[in-house]
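Okay, thanks for coming, everyone. I've got one structure to walk you through today, so let me put it up on the screen.

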Amino acid sequence: MARLAQVVPKMDHTMDLNGLKSFIAVAAAGGFGAASRQTGMAKSSLSRHVSQLEDQLDVRLLERTQTGFRLTEEGSFMLEKAQPLLDELNDLAEALGTRRQKPSGKLRISVPTLMVTSSFGAVAARYARLYPDVQLEVVAEDRRVDPIREGYDAVLRAQPVNDEELMGKKVFSDRVLLVCKPEISGEPLPFIALGNLYRDQHIPIILNGEVSQIATREVIRLSSPAMIYDAVLTGVGAALLPIIMIGDDVKTGRLISLGEQIDGEINFWFLYPSRRHLSLRTRALMNLLVAHFAEYSAGAEAGKSEV
């Protein structure tokens, strides 16, 4: 055993948090200069921290090049695994009161593109005024992002499937109307479909208490509600869209409602990684959304007859 100890070097994989933070800052920013500007740390300090971390782990995380650097395979693995852990440590420190008792830090969320035509931008602006120490980033996209692996603190999803890695709260429910420009007519009705949904040629709707089936013929298929909304406004056909997108258009007569889709209620959930502590900044946004959509739902119920 003594002879083996002479041959095998002692391995110490203890990681210095400063080195880990510096590595993540450099990798995320794309360079030492950009990381220096974002963190306020000198480039020499960042470089020293990263080098010390590499020495501690006995691996090369960055390959220096003439134009900057590239992540090694080990560096990419480290970034993917370490960023969520560092976020958890920061959130834990916040929960324990070692940081200021008000929301601060970075907050990145993903929302459906249908929020582009809602008042979500105004909600984000209100949040920015209430919590100026939070750097809020909102990304509108219809793909199903992986918040844990893609660096999102939370996501807003419509009709989410069960996911053990996520937990959260329903922030509001909405109804779906079949709408079109006033001049659109015909039987079957020209119809704009969403993705792989609504493939049936007959859509069950209810209008003024009467249930009926609307015969349709598909004229175009689009993957985003925002694109469908634009297409409906051109007059190419009718579509099923939530009231949050088209409520004002129906009230003003820009669009007409042919009825409400039966069993077409959409539930929107604010979700965050279940294994992470809910930070103050994330909780503040969730509560603001709940309050905002409660006001929206009250207004929609008051004007229900108009749509």
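This is a predicted model: local features need pLDDT of at least 70, side-chain atom pairs count only at pLDDT 80 or more; totals for chains, interfaces and linings use all residues.

Let's start at threonine 234, which sits in helix 8, residues 225–234. When I say helix, I mean a DSSP run of H or I with at least four residues, strands being E runs of at least two, all numbered from the N terminus. Residues are numbered from 1 along each chain as its sequence is written, and side-chain values use heavy atoms, with hydrogens and water left out.

So, is threonine 234 buried or exposed? It counts as exposed, because its relative accessibility is 60%. The cut-offs there are under 20% relative accessible area for buried, over 50% for exposed, and partly exposed in between, with a 1.4 Å probe and protein chains only. Threonine 234 and lysine 181 are 53 residues apart along the chain, and their C-alpha atoms are separated by 8.0 Å.

Next up, salt bridges. We count a side-chain nitrogen of Lys or Arg within 4 Å of a carboxyl oxygen of Asp or Glu, and that gives nine of them. One is glutamate 54 with arginine 60, at 2.7 Å, N to O. Glutamate 54 is buried, at 3% relative accessibility, whereas arginine 60 is partly exposed, at 45%.

Glutamate 141 also has a salt bridge, to arginine 143, with the closest N and O atoms 3.2 Å apart. Here glutamate 141 comes out as buried at 15%, and arginine 143 as partly exposed at 46%.

Then there's arginine 149 with aspartate 146, at 2.8 Å, N to O. Arginine 149 is exposed at 52%, and aspartate 146 is partly exposed at 24%. Salt bridges with shared partners also link Glu141, Arg143 and Glu150 into one network.

The axes of helix 2, residues 17–29, and helix 4, residues 43–57, come within 8 Å and cross at roughly 115°. Those axes are lines fitted to C-alpha atoms, for helices over the stretch in contact, with angles from 0 to 180 degrees between N-to-C directions.
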